[in-house]
Amino acid sequence: MRINLLARFAAILAICLGPLAASADVLKIVVDDTIHPLIVERIDRAIQEAQNTHAAALLIELRTPGGLVSSMQEIVQKILASPVPVIIYVTPAGATAASAGFYILESADVAAMAPGTNTGVAHPVLGGAIMDPVLKEKLENFAAGFMRSYSAKRGRNVEAAESAVRQSKSFTADEALAQHLIDYIARDENDLFRQLDGKTITRFDGSKSVLHTAGINVRFYDMTVKQHMLSVLMNPNLILPLFAIGVLLLIFEFNHPGAVAPGVIGFFAVLLSLFALNMLPTSYSALVMIVGAFVLFALEAKFQTHGVLGILGITLMVIGGLLLVDGPIPQMRVKWATALSVALPLGFITIFLMIKIFQARQNKVVTGEQGMIGEIGVVSAPLAPVGKVFVHGELWDAIASSTVEVGQAVVVRKIEDFKLYVEPAGQNRVIG
């Protein structure tokens, strides 16, 4: 009797919860970027969202040339520990999941590719440096061991996966499927879900899960405002000009106090660029070189070395720009064209502005009392030695070292306590 009641209760519960289970959807994100800490945050947030909303699966549409090893490892760890099945789909035709992208693809519960895509070339590199044989062997062994640690449990071909690491092999979608590196080739998202429907997958922890994906609703999980902003800033070829322009605006503000706008804009430009650089493999010695280039520009303007210091400054900025981000792939480094296009104009602009600033500081003051030094006046009341002088349309008390008659021209040499110290025009002695 008791068993019958429990069975009835279970049946009623299943009927009540059935519509809720059927309404589960697939959460989707698109990763179309190099692999860096921001991508780690995006995937982590997507996994949490899929868990919190009881999604049937998380679909990651992936296309990437690769990226940072540290970020790739974090992403793999999060996918392996995900409570929700993770489907990774390399699409559209012509897309690639290379280098770090290959490790991420192999970590998925379901790995799929569209026709015309490719993956592989996962040999580890250390920035733009040339590795000695011992270091190269260490990195290869580490990367290969990391790949073996999870690819076998995912049912992948360990030997083929390891060949992408040690020999930098690349695989088309057909080759990857034939060698059991992926599970499906799908023309599009609907084709993928049609093939997955009803399939039982084995999770990394050994548990089984049945996918019901035919006609399932796909909910796109967009980036936050912060992530949108950072995804733009994480481009090294944007960070360099942003930082250099910010420094230039700060220099302008320091030499023109009160302008406000250049200082505020420059401060935020430098702050944003430093924030983005903090998330990338940045060479801070290269950052010092860029700042040093501005110092050389200022010295060129001050001492007029006929371009010697200016050329050195431009060269230093180009080298600093090229070394600024020590990324493992070309897409994560500053290009030659960017470094030159930033260094040359900024070098000339900075030198021109500094020359004008130094010239302005050396010019004679032409306003206020100090602006009257050296001016010619006419004696209105005899200077014997105290009298009156007419200068700049005003009558001033004046003192001369000798008697000067009315109507004679005098030169203003000093102003003190609202009195002019003058001497007859044509004489060159200064009143002490």
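Start by selecting helix α12, residues 284-303: its end C-alpha atoms are 29 Å apart, and that agrees with the 28 Å its 20 residues should span at 1.5 Å a residue. The expected span is 1.5 Å times one less than the number of residues. Helices here are DSSP runs of H or I with at least four residues, strands are E runs of at least two, and both are numbered from the N terminus.

Before moving on, note that this is a predicted model, where local features need pLDDT of at least 70, side-chain atom pairs count only at pLDDT 80 or more, and totals for chains, interfaces and linings use all residues. Residues are numbered from 1 along each chain as its sequence is written, and side-chain values use heavy atoms, with hydrogens and water left out.

Stay on α12 and color its buried residues: Ala 286, Leu 287, Ile 290, Ala 293, Phe 294, Leu 296, Phe 297, Glu 300 and Ala 301. Buried means under 20% relative accessible area, exposed means over 50%, and partly exposed is in between (1.4 Å probe, protein chains only). Just after the helix, click on Gln 304, which takes a positive phi of about 50 degrees.

Zoom out for a moment. The chain has 14 helices and 16 strands, and buried residues make up 46% of its 432 residues. Its accessible surface comes to about 21,700 Å², with 63% of that belonging to carbon and sulfur atoms; areas come from the Shrake-Rupley method with a 1.4 Å probe, and for residues only the protein chains shown count as cover.

Next, go inside. Which residues touch the most other members of the largest nonpolar core? Select Ile 60, Ile 88, Tyr 103 and Ile 104, out of 50 residues in that core. Helix α2 (residues 37-52) gives the most to this core, with six residues. Apart from it lies another core, of 35 residues, among them Met 234, Leu 322, Ile 329 and Ala 339. A nonpolar core is a set of buried Ala, Val, Leu, Ile, Met, Phe, Trp, Tyr and Cys residues joined through side-chain atoms within 4.5 Å.

Back to Ile 104: leaving out residues up to four places away in sequence, it touches Ile 35, Leu 62, Met 72, Ile 75, Val 76, Ile 79 and Ile 88. A contact means heavy atoms within 4.5 Å.

Now pick Ser 99, in the loop between β4 (96-98) and α4 (100-106). Is Ser 99 buried or exposed? Ser 99 counts as buried because its relative accessible area is 16%. Beyond four places in sequence, Ser 99 touches Pro 65, Gly 66, Gly 120, Val 121 and Ala 122.

Two prolines are worth a click. The peptide bond from Thr 91 to Pro 92 is cis, with omega near 0 degrees, and Pro 92 sits in the loop between β3 (86-90) and β4. Ala 384 and Pro 385 are also joined by a cis bond, with omega about -5 degrees; Pro 385 is in the loop between β12 (376-381) and β13 (386-391).

Then jump to Asp 417, where phi is near 55 degrees, in the loop between β15 (409-416) and β16 (419-424).

Last stop: Ile 265 in helix α11. Ile 265 counts as exposed because its relative accessibility is 52%.
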